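The sequence and structure follow.

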Amino acid sequence: MIQKQKNFISSYRKLPPEFNIFLVLLGIALVFEILGWIFIGQSFLLNKRRLVIMILQVSVIGIIAVGVTQVIIMAGIDLSGGSLVALSAIVAASLAQNSTYTKAIYPHLTDLPFIVPVLAGIACGLFAGFISGSLIARTGIPPFIATLGMLVSARGAAAWYNNGKPVSFLGDDFTALGQGAWPVLIFLVVAAVFHILMRYTRYGKHTYAIGSNEEAARVAGINIVRHKIIVYSIAGALSGLAGVVTAARAMSAQAGMGMMYELDAISAAVIGGTSLFGGRGRIAGTLFGVLILGVITSGFVFMRIDAYYQDMVKGAIIVGAVIVDHYRNKKMRNKDKDT
Amino acid sequence: MNSEEKKIILKTEGLTKHYGGVKALHDADFTLADGEHVAIVGDNGAGKSTFIRQVTGVEIPTSGKIYFDGNLVNFKTPADAKKAGIEAVYQNLALADDLDVPSNIFLGQEETYFNLGPFSFLNENKMFKQSIDVLAKTGIKIPDIKITMNNMSGGQRQCVAISRSAGFASKLIIMDEPTAALGVQETKQVEKIIRSLKENGVPLIMISHNLRQVFNLVEKIWVFRQGQIVGCVETSKTDGNEIVSLITGVKQGVGEEASFI
């Protein structure tokens, strides 16, 4: 009997750490399922349309969250995601306008192939990330401050770009990127690529090493400055991609887009098991974290509960996730002392 | 006089490091022959660790020259020193706690399938196998090397740190307080590793506060005091008293009852 129990415990331990998060996701979904049958009289999960909308809504957050996850694993933080969405969306949209619209921002640059605005949006995010990363790596200022500065400046730049006016009348092949399953597909591809990068390449290994013990990484000969700049640039580029998708989905872009997206992205990473202390976390966990946010949002809508409650619950879940992480860390440190 | 016939592996001339107004290291002339094992001793703040940091490229000296393996070198980063063949084991162990043993042993010099810069795919299999070989050399048993460092004992961690430097074909190994945080058994293991390095002819610089260990392990002792080198004596021609008086600057050494002898 005891042997059996031990086997169960050891086999449980061998499961990937994402399993716990998956159970939480399942649990929350089941709660809404049960509440749905009791109060609304219909199923929450067995509704294809609802599930599709749910995943669509969180895809943009998910793309940012992947970039933020690798930054947090490196014991950094990136607050600029939401503002970069707005800036990249506007820049991309300004190059995606069609020639039928006479008041285009760049009258000579209309009807361009869709790849031009896409790359411009990504490059815009990449450049902003490069600036944040360079500031953090070269001057040694806290990532919180550097990216907070970027959050404010990028939002300002987004408003300045077209004098605060929205950019619309975008080409069809550009806006197609935001329709149907495209945002979900882009998110899943990004998540898969970065899961592989973080798990199997030197890039990932060095990111974990810097987050775990920066001094150790430095004396091991890792070029910390260069690596940090690359990681923040990639996070910026992913926010840029998220901006492109947002503009394509909304078929227009304006400076107020992506407000607070950075907080949802950080939440998704933390709920997904990424440690704010650095060194620990996985993209797969973030994927589940993003889905948990999606289930909560769509569950509250489904239950016809006020959006205010939704934010309150979301806040509580984020704090809860950090408390769990904090205790896990403490336990590990105590274990060190024992031995 | 044996050492003078041998090749000089490391030599510093007038090595100086100032932190603002603090003269942490002043005008240090140091030589080390190939295959030689030496210890650096001194009180806290004597400049021992500062000296090591200049030689391993962790810091850039204020002035002075470093010759390594016959060449004038100018290390800008620890990576430069590593490339030249200097491996260091640091006091704080410098391990990434969230990574497993192979990742720590190969940190900064991972084995990869193709070289795609930072995006090279890691050859985990090869690193795993080589880690087992390297650890076998040190004689330390770690049941499962795929677990992360924060699940290991102090001795196991130290041995991983030492294996990392001893495992690669290095021309010089530097250890800062290799047994400071270890128990009796673990200290013995580390000393065994150091002796095997001696047999293999790998030169070693060791910082230690443990004079018994110093006398047992090395043939030459360099004494630092207040940022300067105040003496270099051969272990066979000295005793604890002389070393202590050099360390403290007091002519008459302390009695045999001193706890640190």
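At what angle do helix H2 (residues 18-40) of chain A and helix H13 (residues 283-302) of chain A pack, and how far apart are their axes? The angle is about 10° and the axes are 9 Å apart; axes are lines fitted to C-alpha atoms, for helices over the stretch in contact, and angles run from 0 to 180 degrees between N-to-C directions. H2(A) and H13(A) are therefore roughly parallel (an angle under 35 degrees). Helices here are DSSP runs of H or I with at least four residues, numbered from the N terminus.

This is a predicted model, in which local features need pLDDT of at least 70 and side-chain atom pairs count only at pLDDT 80 or more, while totals for chains, interfaces and linings use all residues. Residues are numbered from 1 along each chain as its sequence is written, and chains are lettered from A and ligands numbered from 1 in the order in which they are written.

A second pair in chain A is H3 (residues 48-73) and H8 (residues 182-200), which pack at about 20° with axes 8 Å apart. H3(A) and H8(A) are therefore roughly parallel to each other. Residues in contact have C-beta atoms, placed from the backbone, within 7 Å. On H3(A) the residues that meet H8(A) include A:Ile55, A:Val60 and A:Gln70, and those on H8(A) include A:Pro183, A:Phe187 and A:Met198.

Between the chains, 26 residues of chain B are in contact with 25 residues of chain A. Helix H3 (residues 78-84) of chain B gives the most to the chain B side, with three residues.

Technical notes. Helix = DSSP H or I, 4+ residues; strand = E, 2+ residues; numbered from the N terminus. Parallel < 35°, antiparallel > 145°, perpendicular 65-115°, else oblique. Contact = placed C-beta atoms within 7 Å.
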